[in-house]
Amino acid sequence: MGTLDKRAKIDDVFKSNALVDIRACNKPVIKSLFRGVRSSKFRHVYGSPSRREELYDNIPITRNAHDSNFCAANPKFVAIVTEVAGGGAFVVLPINKTGRLDLNTSKVTGHRGPVLDVKWNPFNDNIIASCSDDCTIKLWYIPDSGLSCNLNEWLIELRGHRRRVGYIEWHPTAENVLASSGFDYMVMLWDAGSGQILNTIDCHPDIVHSITFNRDGSRIATTCKDKKVRSIDPRSGLVVAEGICHEGSRSSKVIYLDNERLLTTGFSTYSDRQIAIWNHTNLSEPLQRVNVDSSSGILFPYYDYDTKMVYLAGKGDGNIRYYEIVNEPPYIHFLNQFISGCPQVSC
């Protein structure tokens, strides 16, 4: 009987505790900081090296110390700036012509100084622009079959810079509009069809390190040796916003992520490599700043508008990092990196 009485008492205790007043079950006021694994369809992106027969081999890539990509590609061709004894040259190869390059391969050889940048026309896959140490910008026509001999006759030559031209960029929505920046601290807008200067932007006190258009071409962003990033109205030439992008003294780069947000790469005061996200209407403070590592190579950012992924590559690096861009803080998420034993010479 004593055992039965104890079991009855235990059952009464469980029954009384099982009755919960649901009016006291309120949602927590403070949200939990733990959010679990971030949902992303790019979390498992990875890179794999191409087979040897799919590579472009035996190309004498330029050893120029200029901070430029030295290569450009479109659906038809790939162009690579090469090392030559005198003047400047670059090779143009059909995109599917892989394998070992013949030393006597035809080149574009019209510049009198080293070629510093090349860019394909987004409206015509057969036209490429190049700028050089000889203070000129030249436009070239490449036939669909590629070059059968050295090309030294250009379509048009753009003259206006007083010192070497370091960077060029095509307008994304207006055909035949080209922007250039020179070591004369000037940014110029050109009508590439007529060769006329559309506008000259004189707002930089030092050398321009990079130049980019936003998606609709209504703004130009630049980085400069004075450590500032600027958002400029290309029609009026007025600076809409500016601010210190990276405190380090080495070169910084900028790209537009959309019509409003910028991404810059540069160095901190202690020479750490950094990336930062900005809103181009307020460049006094970044939306986000991330330290990458302590390597010395300048980081070049590449943005894929379709997947909203940023790829970071640096000269001398053996890896390429991928990041995902999102619309809410922290705006950028590291995904993965591709590691190779071969350092990058051009990007």
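How many cavities of 30 Å³ or more does a search of the whole structure find?

Author: The model is a predicted one, and the search of the whole structure finds one cavity of 30 Å³ or more. The space in this largest cavity comes to about 50 Å³. Rolling a probe the size of a water molecule over the atoms shows where empty space is left.

The lining of the largest cavity is formed by H209, C224, K225, K227, C245, H246, G248, S249, R250 and S252. Sorted by class, this lining has two nonpolar, five polar and three charged residues. C245 is in no disulfide, and the nearest cysteine sulfur, that of C224, is 9.4 Å away. C245 counts as buried because its relative accessibility is 1%, and the cut-off for that term is under 20%. C135, by contrast, is partly exposed, with a relative accessible area of 21%.

β19 runs antiparallel to β20 (residues 261-267), and four bridges join the two. Within that pairing, K253 has T265 of β20 as its bridge partner. Strands of a sheet pair through backbone hydrogen bonds, either parallel or antiparallel.

Another open sheet of four strands has the order β11-β12-β13-β14, again with antiparallel pairing. Here β11 and β14 (196-201) stand at the edges; each has a single partner strand, so one side of each is left without a neighbour in the sheet. Neighbouring strands in this sheet are turned by 25° against each other on average, direction ignored. Five bridges link β11 and β12, which pair in the antiparallel sense. I168 is bridged to S180 in β12. The loop between β11 (165-170) and β12 (177-182) contains N176. N176 has a positive phi of about 65° although it is not a glycine, and this residue is partly exposed, with a relative accessible area of 27%.

Most residues other than glycine have a negative phi, and most peptide bonds are trans. Both kinds of exception occur in the loop between β25 (319-325) and β26 (332-339), where P330 lies. The peptide bond that joins P329 and P330 is cis, with omega at about 5°. Y331 lies in the loop between β25 and β26 as well, and has a positive phi of about 75° although it is not a glycine. Because its relative accessibility is 15%, Y331 counts as buried.

Six of the six residues in β3 (residues 77-82) are buried, which leaves the strand mostly covered. In a regular strand the side chains alternate between the two faces of the sheet. In β3 both faces are covered: F77, A79 and V81 are buried on one side, and V78, I80 and T82 are buried on the other.

With β2 (residues 71-73), β3 pairs in the antiparallel sense over three bridges, and the hairpin formed by β2 and β3 has three residues between the strands. The bridge partner of C71 in β3 is I80, one of the buried residues of that strand. With β4 (residues 88-94), β3 pairs in the antiparallel sense over six bridges. F77 is bridged to P94 in β4. Five residues separate β3 and β4 in their hairpin, and G87 in the turn has a positive phi of about 75°.

How values were computed:
Residues numbered from 1 in each chain as written. Predicted model: local features only at pLDDT ≥ 70, side-chain atom pairs only at ≥ 80, totals over all residues. Heavy atoms only, no water. Buried < 20%, exposed > 50% of the residue type's maximum accessible area, 1.4 Å probe, protein only. Pairing = 2+ DSSP bridges. 1 Å grid on protein atoms, 1.4 Å probe; cavity = no way out; pocket = protein on both sides within 12 Å on 5 of 7 lines; lining within 4 Å. Points joined across faces, edges and corners; volume = space filled by probe spheres on them. Nonpolar A, V, L, I, M, F, W, Y, C, P; charged D, E, K, R; others polar. Disulfide = S-S within 2.5 Å. Axes fitted to C-alpha atoms, helices over the stretch in contact; angles between N-to-C directions.
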